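This report covers a sheet and the helices around it. Have the model open as you read.

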Amino acid sequence: DPLTADEATALFKPGLKGAKGIVVAVSGGPDSIALLALLARWKDRPRLIAATIDHRLRPESASEAALVAGFAASLGVSHVVCPWEGVKPASGLQEAAREARYAMLAQVARKRGCDSMVTAHHAEDQAETILMRLIAGSGIAGLTGMQPVTVREGLSHVRPFLAVSKARLVATCKALGVPFVSDPSNRDDRFTRARLRGLLPLLAGEGLTIGRLVALGRRAARVEEALAAMTREVMSNADAVSYTHLTLPTKRI
């Protein structure tokens with residue numbers, strides 16, 4: 001089922017209520033298009049700036065950015081395109097693209113007087129992240145996956161859709177009658193994340209569903225929070241202890 005306005009409001013409020021301005025990362029895919037569409041319909045929304053990062057890795061990227069620009073204009077939302085300039089790395093391309101994307105989003109936010117950025121990471125993205133960290137041998141902190149609200153370059157980075165399936169976001173776009181595109185790099189087996197994405201149906205057949213991976217992340221986050229609280233309590237008690245000089249008995253010779 002598509003997300004309702006009430007559901008969207010409940011997802012947006014915890015991280016975005018009271019924001020001075022929000023930069024919305026919109027690539028043109030169904031997840032980010034649904035995010036922009038629902039934010040634009042949020043009754044109490046702060047000021048929005050839609051930003052499309054054109055990584056210039058595919059010939060279609062310019063036309064996709066133009067599609068987003070037209071859609072943002074139809075919603076009355078300001079839009080900016082940020083090109084990723086320079087030579088692209090031969091290895092670690094997706095990681096470099098991600099860092100460049102966040103740096104440019106933060107730059108737009110500061111330039112436009114916004115204090116928050118929001119991305120449309122969804123449940124499948126979260127499941128893939130947790131799988132990647134499992135493979136890397138991460139501890140509890142790593143298995144928490146992506147967090148709904150973090151601080152990045154002094155800005156609040158909000159991910160309201162981490163528990164929402166991509167299918168619901170596609171259904172939302174279709175219900176609202178809004179256009180979206182499909183990025184073929186999401187199915188490119190050169191990239192680890194794409195290969196894991198292809199494995200998710202097989203893992204689900206063995207019982208390791210996307211929902212269970214997302215639940216693992218939530219449980220790991222609760223454990224991490226509990227450990228942090230215990231550490232704070234121990235440190236607080238240690239600070240409260242006053243140490244006195246003890247006079248040790250001397251041994252008579």
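## A bridge between strands 2 and 3

Ala51 has Val80 of strand 3 as its bridge partner. Strand 2 (residues 47–54) and strand 3 run parallel and are joined by 6 bridges. Strands here are DSSP runs of E with at least two residues, helices are runs of H or I with at least four, and both are numbered from the N terminus.

This is a predicted model: local features need pLDDT of at least 70, side-chain atom pairs count only at pLDDT 80 or more, and totals for chains, interfaces and linings use all residues. Residues are numbered from 1 along each chain as its sequence is written, and side-chain values use heavy atoms, without hydrogens and water.

The open sheet has 6 strands in the order 3-2-1-4-6-5, with mixed pairing. Two strands pair if DSSP finds at least two bridges between them. Strand 3 (78–83) and strand 5 (149–152) are the edges, each pairing on one side only.

## Helices on the sheet

Helix 4 (residues 93–112) packs on the sheet and touches strands 1, 2, 3, 4, 5 and 6. Contact means heavy atoms within 4.5 Å. Helix 1 (residues 5–16) lies across strand 1 (21–25), strand 4 (116–118), strand 5 and strand 6 (155–158).

## Helix 5

Helix 5 (residues 123–135) has 13 residues. Its buried residues (under 20% relative accessible area, 1.4 Å probe, protein chains only) include Ala123, Glu124, Ile130 and Leu131. Gly137 follows helix 5, with a positive phi near 75°.

Definitions and conventions
The expected span of a helix is 1.5 Å times one less than its number of residues. Buried means under 20% relative accessible area, exposed over 50%, partly exposed in between (1.4 Å probe, protein chains only). Axes are lines fitted to C-alpha atoms, for helices over the stretch in contact, and angles run from 0 to 180 degrees between N-to-C directions.
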